[in-house]
Amino acid sequence: MTEVRYNWTKEEIAEIYHTPLLDLVYKAATIHRENKDYAEVQISSLISIKTGGCSEDCAYCPQAARYNTGVNVHAMMPKDEVIAAAEKAKAGGASRLCMGAAWREVRDNRDFDKVIDMVKAVNELDMEVCCTLGMLTEGQAQRLADAGLYAYNHNLDTSEEDYKRIITTRTYDERLKTLEHVRKAKITVCSGGIIGLGETVEDRISMLKTLSNLPKHPESVPINALVPVQGTPLADQPRVSVWDMVRMIATTRIIMPKTVVRLSAGRTEMSVVEQAFCFMAGANSIFAGEKLLTTPNPSFDTDMAMFELLGLSPRKAFKNGRPNEVKEVEVAG
């Protein structure tokens with residue numbers, strides 16, 4: 001089996017990233033197939049429980065209050081609507097529900113109390129629960145853990161060197177601190193980034209170095225392609241090439257061999273053949289359902305037809321144990 005390392009250098013990652021494409025995909029696929037469940041793909045569904053009006057200035061995000069993107073501000077979603085969405089997602093094949101709120105950070109108020117209740121309710125549906133709520137304190141992470149939260153998403157977005165070009169309302173260190181708090185509470189970590197922001201290849205490699213050199217690799221690494229939105233500073237960015245996505249997924253699979261690598265935003269622009277290349281390169285997780293927070297996404301039915309064609313199967317929930325019982329390294333699959 002491939003050794004799990006936490007001391008990758010930028011030079012080593014760059015050498016992998018720049019491997020001729022078919023050789024790169026072959027190497028990543030070989031590592032992926034060391035796991036007997038390589039054809040299993042985790043299906044997650046993402047819903048926005050509080051939309052728009054965010055105080056941050058993330059240059060890609062249609063939910064920032066300072067940009068005029070046509071996204072309407074919605075208050076906290078009622079719990080019964082969240083449960084209905086979770087049940088629909090589960091019926092469609094999803095084993096994980098991720099709830100996102102357009103906050104800079106979590107505040108200890110009634111809205112957070114409602115999130116805690118939602119986490120408990122979705123848990124009772126026998127689904128893994130993930131949240132992405134912005135920055136967390138140690139105590140808030142522990143509250144979520146006590147409620148049964150399985151995973152917390154907090155993306156790095158880009159490299160530390162490129163970060164201030166994309167976001168000025170919080171620091172890179174603050175992002176890493178939130179990941180520390182999540183780890184300490186024994187919640188699994190979901191953290192990746194976005195390509196197509198206007199970053200360099202060196203920035204992509206630097207971001208992967210940060211993720212792969214954490215004390216423990218994230219259990220899930222989403223690789224997103226920017227979906228340009230009118231009204232945001234990055235509205236005119238050209239769409240990233242699918243082959244750049246394949247390179248990122250393959251490189252992530254090689255340097256973090258046990259991690260679940262998620263083919264995330266940008267899938268609507270990909271053909272089945274292009275998505276198949278991503279699965280071949282080591283992707284073993286997707287978001288399914290019509291929307292990713294505020295951007296379009298393929299439907300469950302479309303994805304199930306693709307799974308049947310490619311011989312993929314949905315991964316069951318809690319494959320690596322219940323919250324606080326998760327195995328030390330989540331096995332890819």
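**Close-up views of a predicted model**

View 1. The cut-off for buried is under 20%. The model shown here is predicted. Asp-157 lies in the loop that runs between β4 (151–153) and α6 (163–166). Its phi is near 75 degrees. That is a positive value, in a residue other than glycine.

View 2. Asp-126 sits between α4 (110–123) and β3 (128–132), in the loop. Phi is positive here too, near 65 degrees. Asp-126 is likewise a residue other than glycine. Is Asp-126 buried or partly exposed? Its relative accessible area is 36%, so Asp-126 is partly exposed.

**View 3. Cysteines annotated as a binding site.** The UniProt record, an unreviewed entry, places the annotation "binding site" on Cys-54, Cys-58 and Cys-61. Cys-58 is found in the loop between β1 and α3. Cys-61 is in the loop between β1 and α3. With a relative accessible area of 9%, Cys-58 is buried.

**View 4. The buried face of helix α11.** Which residues of α11 are buried? They are Phe-300, Asp-303, Met-306 and Phe-307. Seen down the axis of α11, the buried residues fall within an arc of 125 degrees, so they line one face of the helix. An α-helix has 3.6 residues a turn, so residues three or four places apart point the same way. Several elements cover the buried residues of α11. Among them are the strands β1 (40–50), β9 (285–287) and β12 (313–314). The helices α3 (79–91) and α10 (272–280) also take part in this cover.

View 5. Asp-301, Glu-308 and Leu-309 are exposed. They lie on the face of α11 turned away from its buried side. Leu-310 also belongs to α11, which spans residues 300–310. Its relative accessibility is 30%, so Leu-310 counts as partly exposed.

**View 6. A nonpolar patch on the surface.** Which residues form the nonpolar patch? Val-272, Leu-309 and Leu-310 do. Together they have about 250 Å² of accessible area. Leu-309 is one of the exposed residues on the face of α11 turned away from its buried side.

Methods. Residues are numbered from 1 along each chain as its sequence is written. This is a predicted model: local features need pLDDT of at least 70, side-chain atom pairs count only at pLDDT 80 or more; totals for chains, interfaces and linings use all residues. Side-chain values use heavy atoms; hydrogens and water are left out. Patches are made of residues with over 30% relative accessible area and no salt bridge: like charges are joined within 9 Å, nonpolar side chains (Val, Leu, Ile, Met, Phe, Trp, Tyr) within 5 Å. Accessible areas come from the Shrake-Rupley method with a 1.4 Å probe; for residues, only the protein chains shown count as cover. A salt bridge is a side-chain nitrogen of Lys or Arg within 4 Å of a carboxyl oxygen of Asp or Glu. Helices (H or I, at least four residues) and strands (E, at least two) are DSSP runs, numbered from the N terminus. Buried means under 20% relative accessible area, exposed over 50%, partly exposed in between (1.4 Å probe, protein chains only). The arc is that of the directions from the helix axis to the C-beta atoms. Contact means heavy atoms within 4.5 Å. UniProt positions are given in the numbering used here, feature names are shortened, and annotations may be inferred rather than shown by experiment.
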